[in-house]
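Here is a short report on one model, written for use beside the coordinates.

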Amino acid sequence: MIGRIGPIRGRDGTAHDLRTSRVSIEPFNLRDQPSHDLVIDRLAYWYYHPREWLKKVALMDDVYLLNSPFTFQSMEKHAAYCAMMRLGLHVPETVLVPYKNPVDHAKWAYTAERYNQPFDLDAVAEDIGYPLFMKPYDGGAWVGVSRITDSTALHTAYDQSGERLMHLQQSIEGYDVFTRSLTIGPETMVMKFRPELPMHERYAVEHNFLDAAVGDEVVTISRLVNAFFRWEFNSCESLVRDGVVYPIDYANACPDVALTSLHYYFPWAMTALVRWSAFCVVTGRRPSLDLDTARYFAVADDPALDYRGKLAAYRRIADDYLAVDDYREFCDTALPHVPSLVAEWVSSPDFDDLLVSTVRATYPAHEHDRFIAHFRGLIDLWKRETISP
Ligand SMILES: Nc1ncnc2c1ncn2[C@@H]1O[C@H](COP(=O)(O)OP(=O)(O)OP(=O)(O)O)[C@@H](O)[C@H]1O
Ligand SMILES: [Mg+2]
């Protein structure tokens, strides 16, 4: 897409030619000068070497990163829950319990004897109420997540948690909609998610599953989380029940954007990624590594504001941080040709090759034909609705 976009004019009339290259993992001197203005990272959540390179280029060279590596390392699920509770969101009741098997080291026995209080796991669970979820405080990809309905299952899960630190969290039962919203810069797509189905069917193609006010609330929460932590490429999961939005998972440094997961929404995601990246480099947007927590907490602590009032105030701060108005204007004036370029690309043999090779890399051979047809169908639907509605 970047290769097809051509020179982009900034406000002062300068033409910018954007080029992309893959960043590779290799030794780096901390004083090396990187050759990139912006990096879209897909590795640092799992691999420490690229993570540390990102920190170096962020601190030393002002390279623009979509997600601050500093908050992504320190703000696991747990810290994100704390921040969003403080801001007044409807985060379900959550308790952090001590390790089942504390990490072993020389001083542990001494420390444990002095500091570890015996506790009644059953009492903690009963306080929250069954069913509840036990899940790692920093988890991802459903590892170690269990829905627990009674004391026996509670003890089994806790015994198995071993050296993982666990939350017990109230379960939002009987929700009406599970939403997963993907935010890229100031663009948010709220999608209906069905976690119980296989990966390729989890994102439903549905458009009117929330009423306008609730939809807007989900957008606000997604942008609030991102602006608060300096994340611009992140997904947020919220459960909606009886019109109340409960955010349950919103620290995903490397959100799934595979064609085989997003399918119909994939062209939207790539468009947003191209436009936001172009906006950042052409306008010279400065990365913001420091957090502005006091500004949000002032809203949270304002006794004159109710939940709706706070949300509206957060939305203004988040939209301001994400440069929503400037970005829209930039899309209209400097990137008006992007939607038709995307349509052309998605209709091209190149795109179909991408689809086929992604399916081949993802599924076993006997499923290739079925899934190629499946994803071609969903992409055709996108084309029908978007190109010639
Ligand atoms: N409080 C809750 N109420 C109801 N369901 C929940 C709750 N917490 C988690 N779940 C269910 O468990 C699933 C996994 O939980 P969660 O998203 O917190 O873990 P994860 O490891 O981050 O998963 P992923 O990386 O796939 O998002 C959720 O998609 C949801 O279906
Ligand atoms: Mg999740």
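Which domains does the domain assignment of the protein give? The assignment gives domain 1 (1–90 + 175–389) and domain 2 (93–170). Note that this is a predicted model.

**Domains.** The centres of domain 1 and domain 2, taken over C-alpha atoms, are 32 Å apart. Contact between them involves five residues of domain 1 and seven residues of domain 2. On the domain 1 side, the touching residues are one nonpolar, two polar and two charged.

**Ligand site.** Ligand 1 is surrounded by 18 residues. Gly139, Ser171, Ile172, Pro195 and Asp249 are the closest. Why does ligand 1 lie between the domains? Domain 1 and domain 2 both give residues to its shell, so ligand 1 lies between them.

The shell around ligand 1 splits by class as follows.

| Class | Residues in the shell around ligand 1 |
|---|---|
| Nonpolar | 10 residues |
| Polar | five residues |

**Cores.** The largest nonpolar core has 69 residues. Within this core, Met84 and Val225 touch the most other members. Helix H11 (residues 266–283) gives the most to this core, with 10 residues. A second, separate core has nine residues, among them Leu132, Ile148, Ala157 and Met166.

Neighbours within four places in sequence are left aside here. Val225 is then in contact with Ala80, Met84, Cys236 and Tyr250.

Notes
Residues numbered from 1 in each chain as written. Chains lettered and ligands numbered in written order. Predicted model: local features only at pLDDT ≥ 70, side-chain atom pairs only at ≥ 80, totals over all residues. Near = placed C-beta within 6 Å. Nonpolar A, V, L, I, M, F, W, Y, C, P; charged D, E, K, R; others polar. Domains from an automatic or database assignment. Core = buried A, V, L, I, M, F, W, Y, C linked by C-beta atoms within 7 Å. Buried ≥ 20, exposed ≤ 12 C-beta atoms within 10 Å, placed from the backbone. Helix = DSSP H or I, 4+ residues; strand = E, 2+ residues; numbered from the N terminus. Contact = placed C-beta atoms within 7 Å.
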